[in-house]
Amino acid sequence: MTDSSETGSYPSSWKKAPFIKNSFVRWLIIVGGAIYLAAALGTMNIDLERVKEGLPRAQRFLDSFFPPNFSDNRGVLWEGIAESIWMAIISTVAGIALSIPIGLGAARNLAPAWVYLFCRGVIAASRTFPEIILAIFAVKLFGFGPFAGFIALSLGTIGFYAKLLAEDIENSSASQAEAVKATGANWFQWINYSIQPQVMPRMIGLSIYRLDINFRESAVVGIVGGGGIGATLNTSFSRYEFDTAAAILIIIILIVMSMEYTSSFFRKWVQ
Amino acid sequence: MLQLAELTKKYNTGELALKGVTLEIPKGQVLALIGPSGAGKSTLIRCVNRLVQPTSGSVVLKGTELTKLSSSALRKARRRMGMIFQEYALVERLTVMENVLSGRLGYVGFWRSYFRKFPRADIQEAYRLLDRVGLKHMADKRADELSGGQRQRVGICRALIQNPDLLLVDEPTASLDPKTSRQIMRLIQELCSERGLTAIINIHDVFLAQMFSQRVVGLELGSVVYDGKPDGLTPEVLTRIYGEEDWSATIKSTDEDDDDEEEF
């Protein structure tokens, strides 16, 4: 401390220290990043001619969507919707049932290291494959139809739900868990009385969110042969029945929106 | 009743939290454990019920060596050791009643506890204890709706419904105001004498320690540096425990003994 009594000796300017201290490295990242982005954009081959040609095609394509045809001449539209809904529901239930033990095992504060690594491995594997890849496998294994879609969506649910469950458990209060453990509770009682109450509200919200995802994914899964509304949508596209396709898309949008609303309502309710 | 011998705890970080602590606590004694933050107070009481596994040494409760128990025998032993926590550690989304009844988990099977079908005697005892601490009307409230002092009383009920021989109390007043702190300490003291309970109370408020205990043990850097009567805490002793400071205002003088009426 030298001469701190004189205000004149204090600096009057101050700058926040930069995030990356070394100025050479900082500029290298900024300039290098800009060059890479420019180069990447260059290799895209953006051809304005092709865009210009595409626009009228898009116009014709959209025109053929209107008016949407809800008349359901072949009787497959509502059947497809119903199939998608039950596929979404049972794959969510089955997926969550599988996710709970895996999620418990993947929480570092509950499981020994080897269980943890195994469960994290299962989650990583499930997350590696998007639902459409899982559906292609399932269709190859079990044939066309909603059963393949159900398998694909259930496996997809594990990667999502077990991971978030494990993370929520890891973030739960250690002192509440310790207090219940100190009473002499066994492992299952301990989970039921200290962990479950803490993670339940979020898990209920996520279940409904996952149901919503599974319903949307059921449209994708159907395109590769997994049944449901996706199969109906795919058929109507290949038969050039774009007005029916538009009707299907509108129904999907409405169902997803209503689920969105329901899920936020439930989340508030269980808090 | 409780004997600690050469109890040592070394954490994985290499920190030596307890350096061979030896203590003998007779039945019915309320012992205050004081010392600065990081002296090992929390570690010491957690080594007794093995929320922390001691590195070496022994803990003998009523003739049972606790440090070597298998996990199922440990659960049985934990039933007889009630614990009261800093910041209450109630399960906030459970009701007051569920929190109190969770003290019986060691005595009932999983499905009974899962469906909240506790034996009638347990439910009666839960109501009796809640009534004793003045919270019977709060039984169906969620724990996070309660004030700090009320939560700590629920925490006390949860510990007592275990029907313990020993109470382990970890900084019970750490987040309470001075008046509530005194009420909680007095409640713990009264319940201990009603039931003839032995208690170890971690507390960093020297004044409260003197007011509500029969014996004070001072820990510093994992070693016992004082063990004696509450009124033996002279400025010299406090300096030995906490370091140099002006202690004149901290120590209870003898004429302050009688305190105001208890109210809830």
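At what angle do the axes of helix 9 and helix 10 of chain A cross? I looked this up in a predicted model.

**Entry: helices 9 and 10 of chain A**

I find that the axes of helix 9 (residues 229-238) and helix 10 (residues 242-270) of chain A cross at roughly 155° and come within 8 Å. Angles over 145 degrees count as roughly antiparallel, so I note helix 9 of chain A as roughly antiparallel to helix 10 of chain A. I record the crossing of helix 9 of chain A with helix 10 of chain A as left-handed.

I then listed the residues in this contact. Helix 9 of chain A supplies Ile229(A), Thr232(A), Leu233(A), Ser236(A) and Phe237(A). From helix 10 of chain A come Thr244(A), Ala245(A), Ile248(A) and Ile252(A). By class I get 6 nonpolar and 3 polar residues, with no charged residues.

**Entry: chain B against chain A**

Next I checked the contact between the chains, to which chain A gives 18 residues and chain B gives 21 residues. On the side of chain B that touches chain A, helix 2 (71-79) and helix 4 (110-114) of chain B are the elements giving two or more residues. Helix 2 of chain B gives the most, with 4 residues. I sorted the residues of this side of chain B into 9 nonpolar, 6 polar and 6 charged.

**Entry: helix 2 of chain B**

I went back to helix 2 of chain B for its buried residues. Which are they? I list Arg75(B), Ala77(B), Arg78(B) and Arg79(B). The buried residues of this helix pack against strand 4 (56-61), strand 5 (64-65) and strand 6 (81-84) of chain B.

How values were computed. Residues numbered from 1 in each chain as written. Chains lettered and ligands numbered in written order. Predicted model: local features only at pLDDT ≥ 70, side-chain atom pairs only at ≥ 80, totals over all residues. Contact = placed C-beta atoms within 7 Å. Nonpolar A, V, L, I, M, F, W, Y, C, P; charged D, E, K, R; others polar. Axes fitted to C-alpha atoms, helices over the stretch in contact; angles between N-to-C directions. Parallel < 35°, antiparallel > 145°, perpendicular 65-115°, else oblique. Left-handed = near helix turned anticlockwise from the far one by under 90°. Buried ≥ 20, exposed ≤ 12 C-beta atoms within 10 Å, placed from the backbone.
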